[in-house]
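User: I am new to this structure. Please walk me through the terms used for it.

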Amino acid sequence: MKNKRTHHHLSESKLKRINEYSQRLKEQLDMPRIPVSEAAASLIDYCNATHDPLVPSVWGPLDRQDDPFAPAGNKFLCCNIM
């Protein structure tokens, strides 16, 4: 008797997991999609239009005041902890 109850409980929990997985798949089907070619074109446009200071070979050297990664004009480099 106890074995049947355990088996029944395992079956219920397995069914619950399958139903949850099915629900997640249905939600993914409802997500809007775009073709890969459109996504790639959008990414290329963004990369061409956005200045990246980490790629000076493409964009040229940056002025010190425009470089977000340049150290501040302080004599001493330090870390502020709040």
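**Surface, helices and contacts**

Analyst: The chain has an accessible surface of about 8,400 Å², and carbon and sulfur atoms hold 60% of that. Accessible areas come from the Shrake-Rupley method with a 1.4 Å probe; for residues, only the protein chains shown count as cover. This is a predicted model, where local features need pLDDT of at least 70, side-chain atom pairs count only at pLDDT 80 or more, and totals for chains, interfaces and linings use all residues. Residues are numbered from 1 along each chain as its sequence is written, and side-chain values use heavy atoms, leaving out hydrogens and water.

User: What pLDDT does the chain average?

Analyst: The average is 82, and 78% of the residues score at least 70. pLDDT is the predictor's confidence in each residue, from 0 to 100. Among the elements, α2 has the highest mean, 94. Helix α3 (residues 56-59) has the lowest, 79.

User: How many helices and strands does the chain have?

Analyst: It has 3 helices and 0 strands. Both are DSSP runs, numbered from the N terminus: helices are H or I with at least four residues, strands E with at least two. Along the sequence the pattern reads α-α-α.

User: How do you know that the span of helix α2 agrees with its 14 residues?

Analyst: The expected span is 1.5 Å times one less than the number of residues. For α2 (residues 36-49) that gives 20 Å; the end C-alpha atoms are 20 Å apart, so the two agree.

User: What makes α2 hardly covered?

Analyst: Its count of buried residues is 0 among 14. Buried means under 20% relative accessible area, exposed over 50%, and partly exposed in between (1.4 Å probe, protein chains only). Across the chain, buried residues make up 2% of the 82 residues.

User: Why is L54 called exposed?

Analyst: L54 has a relative accessible area of 62%, so it counts as exposed. L54 lies in the loop between α2 and α3.

User: Why does F69 count as exposed?

Analyst: F69 has 56% relative accessibility, and therefore counts as exposed. F69 sits in the segment after α3.

User: Which residues is F69 in contact with, leaving aside its neighbours within four places in sequence?

Analyst: They are P53 and L54. Contact means heavy atoms within 4.5 Å. C-alpha to C-alpha, F69 and P53 are 8.3 Å apart, though 16 residues apart in sequence. L54 and F69 are 8.8 Å apart by C-alpha atoms and 15 residues apart in sequence.
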